[in-house]
Amino acid sequence: MNFVVLTIFPEMFDPFWEHGIVGRAIDHHKIFASTLNIRDFAEDKHQVTDDRPYGGGSGMVMKPEPLAGAIRAAKRKCPDAKTILLSPQGRVFDQAAANELAAFEGLILVCGRYEGVDERISHELIDDEISIGDYVLTGGELAAMVVIDAVTRQIPGTLGGEDAAEKDSFSNGLLEHAHYTRPQVFEGRSVPEVLLSGHHGAIENWRLESAVLRTLLKRPDLLESKLLSERELDTLKKWYRRIEEIIKNYHRDHRAHREKK
Ligand code: 4HQ
């Protein structure tokens, strides 16, 4: 995977390229990463990249010529790459999108500043428009880092361990099960007994149940749109019956209570 980022703030990416999984992926040549400074493609002597909007109003717009020059240079460097504009108007980025983008030869990520880029850039030069969520950033740089981070960890050999991406939240449409490490008792709270048992089948069952219940409580929207396995469905049914039992007993006890009065 070849990432080329187009930005007027290339220095923002220096620490990003150096740390963690992304840094290691670069060191091990699993990914290639570079930035092009859009300012270098401005023709005038002050290398201006923004201008006032036609029609008036506040804020500035990214001029098209430097952006077009930068995109064309990136495409020459990486001809098979997909060119993505980071924008709140794009399709909202999710795990499925990260997986899909990980299959490309390269990604050219175009980061705007100010109010955005001149509309005429998108027609010929942009293949895809992506938003990282429904909120407004001051520039596309953080959004590009989010996309690069999530795509990188989907590339085989980047995660270390026996490719942990398959066990993640969302890879099966559920949130992950709870995690525990030492000490066995922390501030009076113990690690669930089953995790110390060494009984792999029981641990596997507990984790499945933990994942289903956490998803139900924290992100019921994910459960509603997911095709459930037989075991996942059994977990939901088991807890449904348990909750029904609690409610039934509650009503029975309250009737007894009322009849006493
Ligand atoms: N931007 N997801 C860049 C965003 C954004 C988002 C606002 C992009 C400012 C110039 N990008 N413009 N949300 O808020 O990707």
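**Labels and what backs them**

Author: Let's start with Gln 47, which is partly exposed, with a relative accessible area of 27%. Before going on: this is a predicted model, where local features need pLDDT of at least 70 and side-chain atom pairs count only at pLDDT 80 or more, while totals for chains, interfaces and linings use all residues. Residues are numbered from 1 along each chain as its sequence is written, and side-chain values use heavy atoms, with hydrogens and water left out.

Reader: Why is Gln 47 called partly exposed?

Author: Buried means under 20% relative accessible area, exposed means over 50%, and partly exposed is in between (1.4 Å probe, protein chains only). Gln 47 has 27%, so it is partly exposed. Gln 47 sits in the loop between strand E2 (32-37) and strand E3 (50-51); helices (H or I, at least four residues) and strands (E, at least two) are DSSP runs, numbered from the N terminus. Its phi is near 55°, a positive value in a residue other than glycine.

Reader: What about Tyr 114: what makes it partly exposed?

Author: Tyr 114 has a relative accessible area of 33%, so it falls in the in-between class. Tyr 114 lies in the loop between E6 and H5, and has a positive phi of about 55° although it is not a glycine.

Reader: How do you know whether Asp 118 is buried or exposed?

Author: Asp 118 has 15% relative accessibility, so it counts as buried. Asp 118 is in the loop between E6 and helix H5 (120-125). Leaving out residues up to four places away in sequence, Asp 118 touches Val 61, Met 62 and Pro 64; contact means heavy atoms within 4.5 Å.

Reader: What makes a group of residues a nonpolar core?

Author: A nonpolar core is a set of buried Ala, Val, Leu, Ile, Met, Phe, Trp, Tyr and Cys residues joined through side-chain atoms within 4.5 Å. The largest one here has 28 residues, and Phe 3, Phe 93 and Val 151 are among those with the most contacts inside it. Elements giving two or more residues to this core include strand E1 (2-7), helix H4 (95-101) and helix H6 (141-152). The largest share, seven residues, comes from H6. A second, separate core of 21 residues includes Leu 6, Met 62, Ala 68 and Ala 74.

Reader: Why is H6 said to be largely enclosed by the rest of the structure?

Author: Nine of the 12 residues of H6 are buried, so the helix is largely enclosed. Among the buried ones are Val 147, Ile 148 and Val 151. Leaving aside neighbours within four places in sequence, Val 151 is in contact with Met 1, Phe 3, Phe 93, Ala 98, Leu 101, Ala 102 and Leu 107.

Reader: What is the span of H6 set against?

Author: The expected span of a helix is 1.5 Å times one less than its number of residues. H6 has 12 residues and reaches 16 Å from its first C-alpha to its last, close to the 16 Å expected.

Reader: Which peptide bond is cis?

Author: The one joining Arg 182 and Pro 183, where omega is about 5°. Pro 183 is found in the loop between H6 and strand E8 (185-186).
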